[in-house]
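I am opening a notebook on a structure that is new to me, and I want to set down what I looked up, entry by entry.

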Amino acid sequence: MTAARTDPYRPWRGSPDVHVQHYDLDLRYRVATNRLTARAVLTVVPLADVDEVVLELRGPRVGGVTVAGAVLARSAHRDGLLRLRLAGPAPAGEPLTVTVDYAGRPAPVRSPWGPVGWEELDDGVLVANQPTGAPSWFPCVDRPDLAATYRTAVSVEKPYRAVAHGALTSVTARAGTTTWVYEQRVPTATYLATVQVGRYDEHRLTDGPVPQLLVTAGPCAAEARRAFAGHGAIMDHHVQVFGPYPFDAYTLVVTPDTLEIPLEAQGMGIFGANHLHARGEDARLVPHELAHQWFGNSVRVASWQHIWLNEGPACYAEWRWSQASGGDGVDALARGWHARLRRRPQDLVLSDPGYDRIFDDRVYKRGALTLHALDHLLGRAAGDALLRGWTRAQAGRAVTTDDFRAHALAAAGPGRAADVADLLHRWLDEPALPPLPAAGAGA
């Protein structure tokens, strides 16, 4: 491993030269007062010789820090940064164990797109970290390219239930409090770590081949079961198009609160009660969030610069499911969105949109249109094989647009490589929106 460089899409405030391999989080939370008391034990591996480790933690105050594997000279927690100055350099590759005790009232982190991270609901908690909210509730090196395993133990008062990313490994009840322990053994980016707290019950939607669970609260439980009764068909469709589901299970959490948009986490999709009434275009949200398990979660991005590799395929998945389920066809949806994007400013470069525009709708839809254009050029069967090969070859890796470009050229073969290179250059690297091929051509 080599030392990380500063990313212009997120000037990292945490250490650029360390990798957290494992987070062990012990969280004790009181819903009524939004009080979090926690201990985080981090396995930190230096990528180069370091004499300082810098973690991000915003909101809760640090009560104590210890470091095993090096001598801690001093620590300071100011302006959202926990700086650990070591007495001497810690050598590259030699793990350190950093233990942080902290407590306080967690709150979302401000971002150009609104508050992100730990957020109080009317009766519980929702955690949506993307892209910079993880430090609102645990000390971390908050980067999309790095991934770690997790153990997350959450203690809450009865009758609340805690849901976190990973597999539920134990539930322990003591004198009015229940502790829920989750293990995430698949390396996970910090923005995909999550905790959900509410008066939740669990319902099994299907046992396999991919187990799918529904976690929701009483007021909307019956409606949620009806709304997601057919989710297994969406999973089967995505597996056929994108390849094997990359995790052990999928959990859908439905909070009684209203949410502006659904949210993805590792092995999880989070929806508001308002999404149970999704009709027309809003019905796309369920297949979109599921597709992120392949694109963004299993195959993660090396930088937010390449976010189209997450959002483009997820939007393309919406179109594919619409056609497969008897709705509007892929080509009709693509042409409708192409017409809308033509009316928007032609100043966005998909491969380098700018940090403040990573969630611009043009990134999402132009990314999907790029895949549709590839289908037209190569044919639907070859386009699907390209995507399945991508999710298989890049699983567990952090990727860039150039990685996708190289994969597409190799999948196209010598006879079509020049055409694919030209297509990707026009769609990814030039601001002007290219025309779509004539209807009926290719795909």
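**Entry 1: T251**

I began with the contacts of T251 (heavy atoms within 4.5 Å) and, leaving aside neighbours within four places in sequence, I found L213, V215, G267, M268 and G269. I note that this is a predicted model, in which local features need pLDDT of at least 70 and side-chain atom pairs count only at pLDDT 80 or more, while totals for chains, interfaces and linings use all residues. Residues are numbered from 1 along each chain as its sequence is written, and side-chain values use heavy atoms, with hydrogens and water left out. I placed T251 in strand β17, residues 250-255 (strands are DSSP runs of E, at least two residues, numbered from the N terminus). Is T251 buried or exposed? T251 counts as buried because its relative accessibility is 13%, where buried means under 20% relative accessible area and exposed over 50%, with partly exposed in between, for a 1.4 Å probe and protein chains only. I also looked up H77, which lies 174 residues from T251 along the chain, and the C-alpha atoms of the two are separated by 35 Å.

**Entry 2: a sheet**

Next I traced an open sheet of three strands, in the order β3-β6-β5 with antiparallel pairing (two strands pair if DSSP finds at least two bridges between them). Its edge strands are β3 (50-56) and β5 (72-78), each pairing on one side only. I followed β3 to β6 (residues 81-90), where the antiparallel pairing runs over six bridges, and I noted that E52 has R85 in β6 as its bridge partner.

Methods:
Helix = DSSP H or I, 4+ residues; strand = E, 2+ residues; numbered from the N terminus.
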